[in-house]
Amino acid sequence: MKFSIGYRTIKTALGTTLSIFLAQTIGLTNFASAGILTILCIKPTKVKSVKASTDRVLACLIAMFFSTLFFEGITYHPLTIGLMLLFFIPTAVFFKVQEGIVSSSVIIFHIYNARNVTFDLLLNEIGIVLIGVGMALVMNLYMPSAEKKLLEYQDELEQNFSKIMLEIVHYLRTNDNRWDGRELTTTASLIDEAKALAFRDVENHFRRNENLYYHYFKMREKQFEIIERILVLIAALPITVVQGKMIADFLEELSGYICPGEVPQNFLEKLLDMREQFQKMELPKTREEFEVRATLLQITKEIEQYLMLKNFFKSLKREKKKYRKGSVELN
């Protein structure tokens, strides 16, 4: 059985220890509660950690207000806790800090057990909250880079795209349908995993609302949908014709430029030239040939969409580079 300890587990253990030690060292009562808050606030990404921390601080402040109002205004009794929760929980939901309801209950019970609200007690609870939440934020300053894994996803996707495209080429030339299509399943899974990781990477960079990796994998997702439509179209081709072999030659050349770098601009021009050649060719002589050539024309339209998606991504990369350069100059 494989056993491993992740970086988040290590951060949680270290952060909890330090928050309890700090709260105890400065003389806070109920100091162990600082560790509970640290555990609750350490999240998979920086953005989620900040959101969880903010929610819990606000929820705890609201809980302190209601605890003082109800316990001191009515009485210290279990029924009072229930009555207070009827008001506290909707208030937390109204301010959209419901994630902090559970952690703020710790503060409520501290005040209930104290049986007397004083300035020192409230200061003590604020100290517990700030230490617990603050330590979680400090621990989450470090997030391992996802760059290496994202590059691995990118490389594997490009290999799969190239294999799939070459299988399409082979079918257009030979009508041989013995391909098992396993790259299709793995590609779909890779895209989903890569997008999820790229989105987490976005949430770990406060100054970067957009992420080129995420846009890249979104582009690949849309291109993959186009490839799937092309596969459906070629599966309906009963015969091979010269136009199909011309498309095969085009796709074979295109398969060598799957990488995210520059694709020659003349690919779109080549595609349009090929369509013009189709129009100048002799008209189909049979219904079957007519249907095949109509399907092949539809395939060229799908290829055009494929290329336009790549061009859009290239223009997005250029805009990002300009923005980054402009930021450096402004700073």
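**Entry 1**

A helix here is a DSSP run of H or I at least four residues long, and helices are numbered from the N terminus. With that in hand, I opened the model, which is a predicted one. I looked up Leu130 and found this residue in helix α6. Is Leu130 buried or exposed? Leu130 counts as exposed because its relative accessibility is 53%, and the exposed class begins over 50%.

Next I asked which residues form a nonpolar patch on the surface together with Leu130.

**Entry 2: charged pairs**

A reminder to myself: side chains of opposite charge can pair when their charged atoms come close. I wanted to know how many salt bridges the model has, and the count comes to 15. I picked out three of these pairs to follow up.

My first stop was Arg56, which forms a salt bridge with Glu99; their closest N and O atoms are 3.5 Å apart. This pair links distant parts of the chain, with Arg56 in helix α3 and Glu99 in the loop between α4 (78-94) and α5 (101-114), 43 residues apart. I looked at the accessibility of both partners. Arg56 counts as buried because its relative accessibility is 5%, under the 20% limit. Glu99 has 32% and so counts as partly exposed. I also saw that Lys43 joins in: Lys43, Arg56 and Glu99 are linked in a network of salt bridges.

My next stop was Arg173, whose salt bridge partner is Asp249, with the closest N and O atoms 2.7 Å apart. Here too distant parts of the chain are linked: Arg173 sits in helix α7 and Asp249 in helix α10 (residues 242-254), 76 residues apart. Both ends are partly exposed, Arg173 at 31% relative accessibility and Asp249 at 44%.

Then I turned to Glu152, which pairs with Lys149 at 3.7 Å between the closest N and O atoms. How far along the helix are Glu152 and Lys149 separated? They are three residues apart in helix α7 (residues 147-174), which means a separation of about one helical turn. Glu152 is partly exposed, with a relative accessible area of 38%, and Lys149 is partly exposed as well, at 40%.

**Entry 3: cysteines**

I searched for disulfides and the count was zero. Cys41 is in no disulfide, and the nearest cysteine sulfur, that of Cys60, lies 8.6 Å away. Cys60 is likewise in no disulfide, with the sulfur of Cys41 as its nearest, 8.6 Å away. Are Cys41 and Cys60 buried or exposed? Cys41 counts as buried, at 0% relative accessibility, and Cys60 counts as buried too, at 1%.

**Entry 4: a look at the record**

Last, I checked UniProt. Its unreviewed entry carries the annotation "transmembrane region" for residues 20-42, 54-71, 83-109 and 121-143. I compared two of these spans with the model. Residues 54-71 are 100% helix and 0% strand, and their end C-alpha atoms lie 25 Å apart. Residues 121-143 are 83% helix and 0% strand, with end C-alpha atoms 35 Å apart.

How values were computed:
Residues are numbered from 1 along each chain as its sequence is written. This is a predicted model: local features need pLDDT of at least 70, side-chain atom pairs count only at pLDDT 80 or more; totals for chains, interfaces and linings use all residues. Side-chain values use heavy atoms; hydrogens and water are left out. Patches are made of residues with over 30% relative accessible area and no salt bridge: like charges are joined within 9 Å, nonpolar side chains (Val, Leu, Ile, Met, Phe, Trp, Tyr) within 5 Å. Accessible areas come from the Shrake-Rupley method with a 1.4 Å probe; for residues, only the protein chains shown count as cover. A salt bridge is a side-chain nitrogen of Lys or Arg within 4 Å of a carboxyl oxygen of Asp or Glu. Helices (H or I, at least four residues) and strands (E, at least two) are DSSP runs, numbered from the N terminus. Buried means under 20% relative accessible area, exposed over 50%, partly exposed in between (1.4 Å probe, protein chains only). A disulfide is a pair of cysteine sulfur atoms within 2.5 Å. UniProt positions are given in the numbering used here, feature names are shortened, and annotations may be inferred rather than shown by experiment.
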